[in-house]
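Colleague: I would like to go through this model and ask what stands behind the words used for it. Please set each value against its definition.

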Amino acid sequence: MLDLHVHLLGHEDREANRETIRAFLDEASKRGLKEIGFADHDYYWDQMNFPLIREVAKDYPNLAVRIGFEAEYRPKDEERIKHLIEQFPFDFVIGSVHEINGWAFDIPEEEHKHRQKEADELYRDYFDIVTRAARSGLFTTIGHFDLIKVFGVRPMSDILGLADEALTTVAEHGLVLEVNTNGRYKPVREFYPEQRLMQEIQRRGINFTLGSDAHCAEVVGRDIDEATQLLRRMGVRSVVGFANLDKINYSLD
Ligand SMILES: [Zn+2]
Ligand SMILES: [Zn+2]
């Protein structure tokens, strides 16, 4: 299967060199992945080394090695992100919202603030920015679609209502949503997005991709088999990878 969301640099935990790239590609091969996608955070741009990834990938003929990045989407940053996308022939670009009006909401130090706010408002503010990310036309993929649940705070009203406009925009723009398995290792302890959203995503004909959000080689591909089984049980027939910003279908049959 695929893992289209791994962080070679982690959070500045290592550099991009032959050895670190190999560690990720070895683990992907060991786990039997067909495709792996590097998606480091754009704030480490200067430490990325895309040509070196391409070069090392030549030693792995049975593994499709894709290159993208995970952009921090802020509405005022669209020009900045557009400029980054133009710097390299990327295979995919993930747009992610980890910030609401300058508030980096997904870091552990901020958990208490989630409980001080009205939950529906929190979700509305979050999905409003996700909708703008989807509308921007910059991305192939929206990262961890319901990240706002990271600390287990749930909305009072129906999640399908709160996410409706974001889902509509994702569908209109042909964007792909990932099953991001990393949520299981956060306080919320479940994949992104939650199962009810997954069913709605399928109902609307939006394509899925898969990602572990691994920040180190050891967890590349973590729970991807389980996520694949889950999609299969829901009746999803294929998932999507990317080359040159074009979708590539992988059958789940
Ligand atoms: Zn992220
Ligand atoms: Zn990530």
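Colleague: What is the order of the strands in the open sheet, and in which sense do they pair?

Modeller: The open sheet has seven strands in the order 1-2-3-4-7-8-9, with parallel pairing. Strands (E, at least two residues) and helices (H or I, at least four) are DSSP runs, numbered from the N terminus. This is a predicted model: local features need pLDDT of at least 70, side-chain atom pairs count only at pLDDT 80 or more, and totals for chains, interfaces and linings use all residues. Residues are numbered from 1 along each chain as its sequence is written, and chains are lettered from A and ligands numbered from 1 in the order in which they are written.

Colleague: What makes strand 1 and strand 9 edge strands?

Modeller: Strand 1 (2-6) and strand 9 (208-211) each pair on one side only. Two strands pair if DSSP finds at least two bridges between them.

Colleague: How do you know that strand 2 and strand 3 pair?

Modeller: Strand 2 (residues 35-41) and strand 3 (residues 64-72) share seven bridges, in the parallel sense, and the definition asks for at least two. Along this pair, alanine 39 stands opposite glycine 68 of strand 3, and histidine 41 stands opposite glutamate 70.

Colleague: Why is strand 3 called mostly covered?

Modeller: Seven of its nine residues are buried. A residue is buried if 20 or more other C-beta atoms, placed from the backbone, lie within 10 Å of its own, exposed if 12 or fewer, and partly exposed in between. Helix 1 (residues 18-30) lies across strand 1, strand 2 and strand 3.

Colleague: Why are helix 5 and helix 7 called roughly parallel?

Modeller: The axes of helix 5 (residues 119-135) and helix 7 (residues 164-172) come within 8 Å and cross at roughly 10 degrees. Angles under 35 degrees count as roughly parallel, over 145 as roughly antiparallel, 65 to 115 as roughly perpendicular and the rest as oblique. The two helices are therefore roughly parallel to each other. Their contact involves Phe127, Val130, Thr131, Ala134 and Arg135 of helix 5, and Glu165, Ala166, Thr169 and Val170 of helix 7. Residues are in contact if their C-beta atoms, placed from the backbone, lie within 7 Å.

Colleague: Which residues have the most contacts inside the largest nonpolar core?

Modeller: Val130 and Ile142 do, in a core of 62 residues. Such a core is a set of buried Ala, Val, Leu, Ile, Met, Phe, Trp, Tyr and Cys residues joined through C-beta atoms within 7 Å. Helix 5 gives the most to this core, with eight residues. Among the residues that isoleucine 142 touches are Val130, Ala134 and Val170.

Colleague: Is aspartate 213 buried or exposed?

Modeller: Aspartate 213 has 24 other C-beta atoms within 10 Å, so it is buried. The residue lies in the loop between strand 9 and helix 9 (224-233).

Colleague: Is asparagine 244 buried or exposed?

Modeller: Asparagine 244 has 10 other C-beta atoms within 10 Å, so it is exposed. Its phi is near 55 degrees, a positive value in a residue other than glycine. The residue is found in the loop between strand 10 and strand 11. Six bridges join strand 10 (residues 238-243) to strand 11 (residues 246-251), and the two run antiparallel.

Notes:
Axes fitted to C-alpha atoms, helices over the stretch in contact; angles between N-to-C directions. Contact = placed C-beta atoms within 7 Å. Lists of a residue's contacts leave out its neighbours within four places in sequence.
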